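Please keep the sequence and the 3D view at hand while reading.

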Amino acid sequence: MLALPPSDPSLYEESKTGVVFVAPLTIARMKRTGANGEEEIKTSGKKGGKGNDSDYDDSEEQKIMNDKFHEEWEKKRKSKTNREHETNTLLGDDHYQTLGLEDFGIAATEKHIKTAYRKLALEYHPDKGKKSSLEDNKDNDELNPEEKVKKEIWLKIQKAYETLMDPEKRRKYDSSLPFDESIPNEDEITDENFYDLFTDVFNRNAQWAKNKPVPQLGNHKTPIKKVMKFYKYWDTFETWRDFSNHD
């Protein structure tokens with residue numbers, strides 16, 4: 001459930017500073033749908049002008065972004081020791097953390113996931129560092145402690161990759177992650193903090209939006225046309241979030 005100001009234009013008045021909210025809050029129900037979770041969160045921009053998305057070749061931009069991702073991923077990886085990374089992986093159950101993508105979370109793209117997986121495979125894949133093919137036949141009991149740790153970590157890396165690369169599995173996994181469902185209490189809301197409080201609420205829930213881009217809440221200066229667009233969008237909000245695990 002989300003708290004929404006009313007969408008009736010009569011509950012707003014025009015002033016020199018813009019549109020001013022003058023009525024109590026109402027509650028709008030979020031619409032649950034069976035939408036799939038295959039839609040990626042785009043990180044590339046679109047050049048100005050008219051035309052379809054296909055008209056814009058963003059290969060150079062993607063190259064730059066990928067280079068930056070490589071750099072940031074490596075930098076974050078080096079900020080901790082291997083032992084710290086391995087301990088976090090063994091004790092944790094977050095697929096994004098396993099791949100070093102916890103800062104992205106569900107916003108991680110397929111390219112991010114593939115890149116992180118390939119980098120980790122260079123370190124933890126069973127074939128890495130083998131001296132002979134005889135090691136393929138080693139039973140778990142024959143592995144030394146370090147080999148056992150690497151094997152367990154590799155299995156978690158594989159599980160994370162396989163889950164996040166499968167649209168249906170990822171949708172269910174993402175939907176099961178902890179999420180702040182809270183909305184401000186009525187006694188917390190004032191004219192001064194209204195937009196700050198609810199911008200945070202709507203931004204959190206926007207990650208589940210099936211239809212993008214998601215209009216922003218704005219502020220007391222937002223034109224009435226944009227205000228009405230905002231209400232129309234959220235009154236018919238469609239989510240790709242999977243609620244089957246709550247049934």
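Read from the N terminus, the elements of the protein chain follow the order β-β-β-β-β-α-α-α-α-α-α-α-α-β, which gives 8 helices and 6 strands in the chain. The model is a predicted one. Of the 247 residues in the protein chain, 33% are buried, and the chain exposes about 16,300 Å², of which carbon and sulfur atoms supply 49%. Among the contacts with a separation of 6 or more, 67% are between residues 24 or more positions apart.

**The cores and helix α5**

The largest nonpolar core has 22 residues, and Y96, L99, L101 and I157 are the ones that touch the most other members. Helices α1 (59-78), α4 and α5 each supply at least two residues of this core, with α4 giving the most, namely 6 residues. Such an arrangement has a general background: nonpolar side chains tend to be buried together in soluble globular proteins. Leaving out residues up to four places away in sequence, Y96 touches L101, E102, G105, I106, A108, L164, R170, Y173, D174 and L177. Apart from this core lies another, of 15 residues, which includes I189, F198, L217 and W234.

Helix α5 has 21 residues and reaches 30 Å from its first C-alpha to its last, close to the 30 Å expected at 1.5 Å a residue. Its buried residues are I153, W154, I157, A160, T163 and L164, and these pack against α2 (82-91), α3 (95-98), α4 (110-124) and α6 (167-176). L164 lies in α5, which covers residues 145-165, and L164 counts as buried because its relative accessibility is 3%, where the cut-off is under 20%. Beyond its neighbours within four places in sequence, L164 is in contact with H95, Y96, L99, I113, R170, Y173 and D174. L164 and I106 are 58 residues apart in sequence, yet their C-alpha atoms are 9.3 Å apart in space.

**Charged pairs**

The count of salt bridges comes to 10, and three of them are set out below.

| Pair | Closest N to O distance |
|---|---|
| K172 and E168 | 4.0 Å |
| R204 and D180 | 3.7 Å |

K172 and E168 are 4 residues apart in helix α6, so about one helical turn separates them. Both are partly exposed, K172 at 45% relative accessibility and E168 with a relative accessible area of 37%.

For the R204 and D180 salt bridge, R204 lies in helix α7 (residues 194-206) and D180 in the loop between α6 and α7, so the pair ties together parts that are 24 residues apart in sequence. R204 counts as buried at 15% relative accessibility, whereas D180 is partly exposed, with a relative accessible area of 39%.

Leaving aside neighbours within four places in sequence, D242 is in contact with E168, R171, K172 and S175, while a polar contact of 2.7 Å joins the side chains of D242 and S244.

How values were computed: Residues numbered from 1 in each chain as written. Predicted model: local features only at pLDDT ≥ 70, side-chain atom pairs only at ≥ 80, totals over all residues. Heavy atoms only, no water. Polar contact = N/O pair within 3.5 Å; in protein donor to acceptor, adjacent residues only side chain to side chain. Contact = heavy atoms within 4.5 Å. Buried < 20%, exposed > 50% of the residue type's maximum accessible area, 1.4 Å probe, protein only. Expected span 1.5 Å × (residues − 1). Core = buried A, V, L, I, M, F, W, Y, C linked by side-chain atoms within 4.5 Å. Areas by Shrake-Rupley, 256 points an atom, 1.4 Å probe, with all protein chains shown as cover. Salt bridge = Lys/Arg side-chain N within 4 Å of Asp/Glu carboxyl O.
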